[in-house]
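Here are my notes on this structure, point by point. Please keep the sequence and the model open beside them.

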Amino acid sequence: MNKRSRRYLGFFGRNVEADVDDELRFHLEMRARDYRESGLASGDAWRAAGERFGDYSSVNAALVTHDLGKARRQDRRDLMDDLVQDVRYALRSLRRAPAFALVAIATLALGVGANTAMFSIVDAVVVRSLPFPRADRLVSVTGSVLAEATRVRELSRSYSDVAVYRPLSVGISGDAEAERIEGATVSANVFSTLGVSMASGRAFSPEENSPGRSNVVILSDGLWRRRFAGNRAVIGQRLMIEGAPYTIVGIAPSEFSFPSRTTQLWIPIIMPPSRSGAFWGDGGYRTVARLRDGIAPAAAQHELRTLFKQIRHENPLWDPGPKYGVDATVTPLQDKLVGSARTVLWLLFGVVGVVLLIACANVANLLLVRATARQREVAVRMALGGGRSRIIRQLLTESVVLALLGGVAGIAVAAGSIRALVGVLPSDIPRVATIGLDFRVLGFTALLVVTTGIVFGLIPAIRSSGTDMQRAMRNGARGSSGTNRRLASLLVCGEIGAASLLLIAALLLVRSMWALQGIDPGFRTTSIVTARVTPPSTRFAGANASAVVPFVDELLRRVRGIPGVTAASVASDVPLSNGIYGLAIRVEGQFENIKASLPMVDHYQIVTPDYFTTIGIPLVAGRFFGEDDEVGAPDVALVSESFARHYWPNGDAIGKRVGYPWESPWVTIVGIVRDAKVDSLTGTSEEVFYRPFRQSPVTAMSLVIRSNGDVGALANALRSTIAQLDRSTPVSDVATMRSVIDRSAARQRFTMLLLSLFAGIALVLGVIGIYGVMSYAVAQRTREIGVRMALGASPGDARQMVLREALVLALAGIAVGLVAAALSTHVLGGLLYGISATDPVTFASVPLAITIVSLIASYLPAHRATRVDPTTALRAD
Amino acid sequence: MQRESSELLQGTLAILILKALLAGSLHGYGIARWVESTTDDVLRIEEGSLYPALRRLEDKAWVASEWGLSENNRRARFYTITNAGRAHLRNEAVQWMRHAGAVTQVLRAAPKLA
């Protein structure tokens, strides 16, 4: 049977069983008739026919099975045939409309490309589980002090293991150049807790956490390859860490990096039993634990809080006060490591989603315009017997083909942009190395492409297949153009709305960035270069401690000799580099009891006398540090204005005394300096406590230099100067103050850059949309415009009519966008600085800009309307 | 043994059906009747097996089928031989003749005494 007649039969419903029965029964009846004609009685004839036939029911069943299978195969083949035919037809009709195809594919490529790139980042950083076995069981436990972790491990029933770690930065030296790298000090079981075994060598043994053992180190795969050329014989060899020899016992597997992607070596935590309990707060230690099966983080947290009460009752020294007790939390390790990057990435992912919706709306629009132009074609096909579902299927195929082409182009866009995106990712975002176009990402894109193809194709397809055939044939292209245009206008409104929303968000971020950049940090940011200088800590240990003072004197003398350097000083840490920490202090006459709770000063810095003049923090009262503020002389300190005002509101801070939170001599305040933003540009606290280097020397320090030369040259000069002074002292993080500040705002910058980019794309797409709809409207209404002009309307009137319509569209879209923006202020609020999420300037300027751009976009169509010639327009079909 | 003879029968049945259809399209009963009358009822087709055989031939595209009206105005399924079916029949016929000829020759040969 051919396809046509099967369809025809199919119209009545195909019935395989009835057909088989008909055929076989016909046979039996014919045979019985022949028997009757040869003289048998009717009943005998039937029986004889049945006997002659054999096993009727089994033959019948076999035929039914066979025919059903065949019908199914045929259906599938028909479907495939239709599909191939539809795809061919789609490609042909796209080739016939190259401008349409190009705009649609480019639009989709932008939308799909941005989404693919963003998904690859979100997937690698936030979604994909950590590269540890059963990573979902790993949790981060906060609120414990180091020694408590051991007790928690002993008492808790929630965890199969509890490990402790602390990131640290160490100087390594030896055969190659001294350098400063990131590492971690860990409890021996950290590797087994994470479920990682060494690529070669061994992990730490528990005894190696006790003092008095020989120093051991485990290298990351990266460090091992870079510094030791991947030679396995390094196991058992020595590596100088902070000037002390460490035996290399193991090499971690290549994909392993913990706690951060920059961690390059691990050394055991040494836990002196005598000092357990003396740690203040969490001491920078963090706890990772593996939950037992069936235990939820919330249950573990509940147990932890109960345990802490018990542990701190056992040993009151561990109780850091009520402020820390409530901090006891158990959260999935992944959440902890990804941290706040999660919010920003999801936000941006949502934003590209909106961009894709705009792209879809745009293509849907183009398809609607086309659908109207093709009404006659569709009507003809329906008249020729194409069913409605068949035509919808064909139109959908066309849009999916379009989406696929756009998707392929989009993958190219993504491949090109992922590297660029990763380049602007702030450095605190983890797991960046795994970002890329892999099968998960491509699978996501494939899904995205097919979905978008259906989303933007469905409405136009249903619309145009629902065409009233007769009217379309009679009226030419004017059939249901009115409703199509209304729908297209609605879509453009949505696009303009979404674009306004994104533009408002982007502008808020840009202005917030400006505000950030405009913050006066309270110190000089130009011509300042900083560098980290970290002599091995063993060098100035014990009896040698005071030798660091002449070392720094000599260091500064030589640095001042470098050409271009006009001033040089040393500080324990550079402002805004995340290295500055706070300290509990005693204040004479106000807080003296070290057993009671003491106030915190948020920033504590140790500096050489020249520091303030070098970095440009002016003196407000009293005096700066001098070279004679040294050991043996009275202990002195400087404080910032806020600090002075906080404790001595009457302005008489000079001469007052403060102290460290342990038994130690009082320190006299000899001067007050102006407030400076020390650890965050947006931070509100500017209470700083300064101590002179000579009285409180540190071995890890930063150079703060004023120089008018080139940074690169200065960096080289610094390295060689310091290498001459001491080969084992690494120099790292050579940077201008400006770039240190920029880095502290990297997160905001990244969000702003991407959001602006996406908003820009959204705007361009919105403008294309409004241009398309207006051009179409003018083309559609040629006759109407012609009539108006014949009745005396001027070309100016025609232009005004079109522009007015565009204005209504734009304003309606803007209204939608403003409402959406007002409703979503809380999303952006946390990312803004110095500007309200409902900033009136932004909320006024974006609509204005969009209105202007929309009018410009519709000017060309409007101009075309003025050129309508009434005579031809009236004749036009 | 049983199986071999039924396979032989199947092959034979196919040849009979195709031969029956050479003259024109027939329904299943028509094919059965043609075989009966042509072979004087010597080769009686097992009628139940006729229809599965027709399905197999149709699957191989040696015959095609179409619903139509029988001589007594009943709805019946008519089978037609296709070009491929004709070619197949030609090949099978040649094979069959050669085979039959060889067997016949053997049977006619005078027995030689050892």
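What share of contacts in chain B between residues at least 6 apart in sequence join residues at least 24 apart? The share is 48%. Two residues are in contact if their C-beta atoms, placed from the backbone, lie within 7 Å.

1. Ground rules. This is a predicted model, where local features need pLDDT of at least 70, side-chain atom pairs count only at pLDDT 80 or more, and totals for chains, interfaces and linings use all residues. Residues are numbered from 1 along each chain as its sequence is written, while chains are lettered from A and ligands numbered from 1 in the order in which they are written.

2. Layout of chain B. Four helices and three strands make up its secondary structure. Along the sequence the pattern reads α-β-α-α-β-β-α. Helices (H or I, at least four residues) and strands (E, at least two) are DSSP runs, numbered from the N terminus. Of the 114 residues in chain B, 26% are buried. Buried means 20 or more other C-beta atoms within 10 Å of the residue's own, exposed means 12 or fewer, and partly exposed lies in between, with C-beta atoms placed from the backbone.

3. The sheet of chain B. Three strands form an open, antiparallel sheet in the order S1-S3-S2. Strands pair if DSSP finds at least two bridges between them. S1 (26-27) and S2 (63-69) of chain B are at the edges with a single partner strand each, so one side of each has no neighbour in the sheet. Seven bridges join S2(B) and S3(B). In one of them, Val63(B) has Ile81(B) of S3(B) as its partner.

4. Helices of chain B. H3(B) lies across S2 and S3 of chain B, at about 120° to S2(B). That angle is taken between N-to-C directions on a scale from 0 to 180 degrees, with axes fitted to C-alpha atoms, for helices over the stretch in contact. In H2(B), the buried residues include Ile31(B), Ala32(B) and Val35(B). Just after H2(B), Asp40(B) has a positive phi of about 55°.

5. Contact between the chains. Chain B gives 14 residues and chain A gives 16. On the side of chain B, helix H2 (28-38), helix H3 (47-59) and strand S3 (75-81) each supply two or more residues. H3(B) gives the most, five residues. By class, this side has four nonpolar, three polar and seven charged residues. Ala, Val, Leu, Ile, Met, Phe, Trp, Tyr, Cys and Pro count as nonpolar, Asp, Glu, Lys and Arg as charged, and the others, Gly among them, as polar.

6. Cores. The largest nonpolar core has 163 residues, and Val355(A) and Phe758(A) are among those touching the most other members. Helix H12 (residues 341-373) of chain A contributes the largest share, 19 residues. A second, separate core of 52 residues includes Phe258(A) and Ile269(A). A nonpolar core is a set of buried Ala, Val, Leu, Ile, Met, Phe, Trp, Tyr and Cys residues joined through C-beta atoms within 7 Å.

7. Backbone points to check. The peptide bond from Phe258(A) to Pro259(A) is cis, with omega near 5°. Asp733(A) is not a glycine, yet has a positive phi of about 55°. Asp733(A) sits in strand S22 (residues 731-736) of chain A. Ala61(B), also not a glycine, has a positive phi of about 65°. Ala61(B) lies in the loop between H3 and S2 of chain B. Ala61(B) is exposed, because 12 C-beta neighbours lie inside 10 Å.
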